[in-house]
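Let's take a friendly look at the aromatic rings of this protein, and at what surrounds them.

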Amino acid sequence: MKAGFNGLRGKEISLISIVLMCATILLWSWEKTPGLTAFLPPQSPLQFSSEILSSVSDEETKHEGVLEAGKSHGVQASSSLTTSEAKSNEAKEEKNSKQEEPKIDLVINIPQKSYIPVRKESWNNATEYKACNYAKGKWVPDNKHPLYSGFGCKQWLSAMWACRLMQRTDFAYERLRWQPKDCQMEEFEGSKFFRRMQNKTLAFVGDSLGRQQYQSLMCMVTGGEETNDVEDVGKEYGLIVAEGSARPNGWAYRFSRTNTTILYYWSASLCDVEPIDVNNPDTDYAMHLDRPPAFLRQFIHKFDVLVLNTGHHWNRGKLNANRWVMHVGGVPNTDRKIAVIWAAKNLTIRSVVSWVDSQLPKYPGLKAFYRTISPRHFFGGEWNTGGSCDNTKPMSVGKELLDEESSDQVAASAVKGTRVKLLDITGPSQLRDEGHISRYSLTAKPGVQDCLHWCLPGVPDTWNEMLFAQI
């Protein structure tokens, strides 16, 4: 009996040992295998305290208020926050930081309306600032500006835009820098530009404001100093002085040390223009609204950065003076809706942006930008009816541009949904009415001022700083 009892007890102990071993293996497997967690009982969702939720809600409401104020007024004085509001904000931030510090280490993706700079190494190891709205911000005094002397850069800068060589005596407009609101804009340096653009080509295609941006960049990359390390390669792009012309349709120069080419091609309308009768010197010209310039179609494969612009030649006077006749689909336009100037311009911008976008998959190394319109500042009339821009004091210092949307809705709408980027310069430039050539033009006539083009150094330098930050 005793032997039977001992045998039974031994079997129980063996069975218990087996059960414990199986349980241990099961628990170990459960812990090591993520897929088994599906069999765990559901856990209750993470709950946020009402205090934290109200804090997020308050910040969203405050931000919406700022945006609405920006949309209503365009600009807002940066000094509008009172001392009590500033202290209240500091107290809220301190309270929120105290609440959040001891909380669990958890990353939660909450949509943010503010722009946060994120650095991304790409395109020749350049630092690219993502999610930055460069058009939001303010002008601030900066002793590092201008980036070149207005007395120099004679190798590239046209005398008609060098206000230092005119009778103008105020130059405070040269010493301002654009500061984006929620991110840092990369500081421009010629050496960094050439490293980034080594073995690359940057092309400006557009009107006279595009030419100003081109000359500005040439002065910026050289610091306004004379250089022999450059070769005229205009012939490679057909940029030669045609018979009967005073100048070529553009310029192209290559900096030998880094094999960097910078060029400009004049295309005021940004559409294809060709003579209707090549044998008639007085012929009209077909203005193909739905066809990009032939130059662009021919040479886009050679570009690494492309900047397009158009705008101020779209008026009935210019079209008549140039004998441009609107064409769509290869034939004269008969659609009255398209014949309206603004509609024709919009069709052209959308067409050229769409075409460039269609080319980008073929040339993955190409970065394309459409530059928004440069604002005019004629007060009291137009350019030929006494309009003027005599202000010499920067009206922009201390004011912030807070609009989320571009001031140039036509351009913004055209690039939406494409891989063409918007180089948004309209809002910041709108604040700089004192930066135009005004009545100091070398060819000025009594009562006629240039409130369209800019003094150089000046506002177009900022356009290139924005461009540099995005390439």
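Rings of Phe, Tyr and Trp (for Trp, its six-membered ring) are taken as a pair if their centres lie within 6.5 Å. In this predicted model, one aromatic cluster is formed by Trp 156, Phe 188, Phe 193, Phe 194, Tyr 253, Phe 255 and Phe 468.

By the pairing rule, the count comes to 16 aromatic pairs. One of them is stacked, because the ring centres of Trp 251 and Tyr 264 are 6.2 Å apart and their planes meet at 20°. This pair links distant parts of the chain: Trp 251 belongs to strand β8 (residues 250-255) and Tyr 264 to strand β9 (residues 260-266), 13 residues apart. Tyr 264 counts as buried, with a relative accessibility of 1%.

Trp 454 and Trp 463 give an edge-to-face pair, with 6.5 Å from centre to centre and 90° between the planes. Both of these Trp residues are buried.

What about helix α12 (residues 459-469): how many of its residues are buried? The count is 11 of the 11, so helix α12 is largely enclosed by the rest of the structure. Among the buried residues of α12 are Trp 463 and Phe 468; Phe 468 is also a member of the aromatic cluster.

| Charged residue | Ring | Distance to ring centre |
|---|---|---|
| Lys 302 | Tyr 237 | 4.5 Å |
| Arg 432 | Trp 139 | 4.5 Å |

Lys 302 lies over the face of Tyr 237, while the charged end of Arg 432 sits over the ring of Trp 139.

Notes. Residues numbered from 1 in each chain as written. Predicted model: local features only at pLDDT ≥ 70, side-chain atom pairs only at ≥ 80, totals over all residues. Heavy atoms only, no water. Phe/Tyr/Trp six-rings, centres within 6.5 Å; stacked < 30°, edge-to-face > 60°. Helix = DSSP H or I, 4+ residues; strand = E, 2+ residues; numbered from the N terminus. Buried < 20%, exposed > 50% of the residue type's maximum accessible area, 1.4 Å probe, protein only. Lys NZ or Arg CZ within 6 Å of the ring centre and 35° of its normal.
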